[in-house]
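Thanks for making the time this morning. I would like to walk through a few local details, so please have the sequence and the structure open while I talk.

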Amino acid sequence: MNEADCDVLVVGLGPGGGAAAGAAAGHGARVIALDKKRRVGEPVQCAEFIPMPLGRYVAGEPVLQQRISGMRSFLPSGAVKDSPFSGLMIDRAAFDQALAERARAAGAELRLQSRLESVDFRERVARVRQGGRRWEVGYRVLVAADGPMSKVAGLLGLPPQRVAHSRQYTVPLRRSLTETMVWLSPDYPGGYAWLFPRGSSANLGLGIDEAFGRNLKPPLDDLHRKLVAAGLVGPEILRRTGGAIPLGGMRGALVTGDVVLAGDAAGLTHPITGAGISAAVLSGEEAGRAAARWMAGECGALLEYEETVRELFGPAIERALRTRESLKWSWGTPAAATDEQQRRGWIAFEEYFAV
Ligand SMILES: Cc1cc2nc3c(=O)[nH]c(=O)nc-3n(C[C@H](O)[C@H](O)[C@H](O)COP(=O)(O)OP(=O)(O)OC[C@H]3O[C@@H](n4cnc5c(N)ncnc54)[C@H](O)[C@@H]3O)c2cc1C
């Protein structure tokens, strides 16, 4: 006998899970959404930039931190390119919490400090640990929005995703900035460094391909020192974070039986920029809607989810994967110190779109 039963079980309450739970509940499904965290969205593992179209999910304070007018990219020679990539800087914890609250208001039951441990996919029963207690929940559709190291994907027997490792400090900003800054350099093989302003502070971080190890402290400290010397940021480190960013592209299948993958669990993060909030929210909404439609008897709804998500994100992800593939020979070699090579690998340059 299960402790709980639902139509749609959502695993993970990041942006993908919050959006999925809200959409499924809003379309009449009985939803249980669980997360192993004590508080939704905390601790933050994010640089907190979202593109403008996602602004409709940002009602204002406390989510909105500041507006971004464009992006400034620095090449190895010091050459600079300004691009009109506008967007918003958000408080990521508040963003995730707002999505979860919207799901709760739509009727979803949220359970925190609840870690999915195993799933009987045949019987459609998930086993969950909440503190010292274990409970079981029966479901009809399972939406896996459990991030880059998805437990559900592992239980389905899917391989781990290729990732970039990242490390980030939040630092005081010495003068106000309205653009994001990006550094392309041989010091960050298969990745880049960023400074994203959020009012009086900024997120300073970098990511590199997993093939180049996990020790990101020396290059990040080095960049931090340079920016302190330039008077742009202060020496204090207000917050430290980091994490894995999936760069391997979309999973071969996003739907297996009645299990639907969304967000990072589905491999929807952009393999060059590492941006994944937008794809998590949009795929989560699609997954929640599809799950509710499937419950209502539309038997093609889950497969339609897969088609929609592939259409939405496939072309950009495929281009980014081709670019990674064509450039990876140069990572860690002197060729990566040339502007020409870096221009091919970054979205601000027309060379990127020539591949
Ligand atoms: C350092 C860093 C900076 C980034 N900066 C940006 C940025 O500026 N802009 C951008 O668009 N993207 C950025 N990203 C990527 C972005 O954060 C992710 O793409 C996004 O969080 C994906 O959302 P998600 O809901 O799919 O997964 P997640 O946000 O990872 O949420 C998954 C949730 O599942 C829960 N969970 C996992 N396993 C279990 C389990 N077994 N049981 C219960 N719960 C579980 C986790 O606790 C988590 O809350 C960044 C990533 C990193 C690491």
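Predicted model: local features only at pLDDT ≥ 70, side-chain atom pairs only at ≥ 80, totals over all residues.

Beyond its neighbours within four places in sequence, Thr269 is in contact, meaning heavy atoms within 4.5 Å, with Ile245, Pro246, Asp264, Gly274, Ala275, Gly276 and Ile317. Residues are numbered from 1 along each chain as its sequence is written, and side-chain values use heavy atoms, with hydrogens and water left out.

Where does Thr269 sit between β20 and α5? Thr269 is found in the loop that joins β20 (259-261) to α5, where helices (H or I, at least four residues) and strands (E, at least two) are DSSP runs numbered from the N terminus. Thr269 has 1% relative accessibility and so counts as buried, the classes being buried under 20% relative accessible area, exposed over 50% and partly exposed in between, with a 1.4 Å probe and protein chains only. Its side chain also makes a polar contact with the side chain of Asp264, at 2.7 Å; that term means a pair of N or O atoms within 3.5 Å, where within protein one must be able to donate a hydrogen and the other to accept it, and residues adjacent in sequence count only if both atoms are side-chain atoms.

For comparison, Arg102 lies in helix α2 (residues 92-105), and at 41% relative accessibility Arg102 counts as partly exposed. Arg102 and Thr269 are 167 residues apart in sequence and 24 Å apart in space, C-alpha to C-alpha.

Helix α1 (residues 15-26) and helix α5 (residues 277-295) pack at an angle of about 30 degrees with their axes 7 Å apart, the axes being lines fitted to C-alpha atoms over the stretch in contact, and angles running from 0 to 180 degrees between N-to-C directions. The two helices α1 and α5 are therefore roughly parallel, a label for angles under 35 degrees, with over 145 roughly antiparallel, 65 to 115 roughly perpendicular and the rest oblique.

On α6 (residues 301-327), the axes of α5 and α6 come within 8 Å and cross at roughly 160 degrees, so α5 and α6 are roughly antiparallel to each other. Among the residues that meet there are Leu282 and Trp294 in α5 and Tyr305 and Phe313 in α6.
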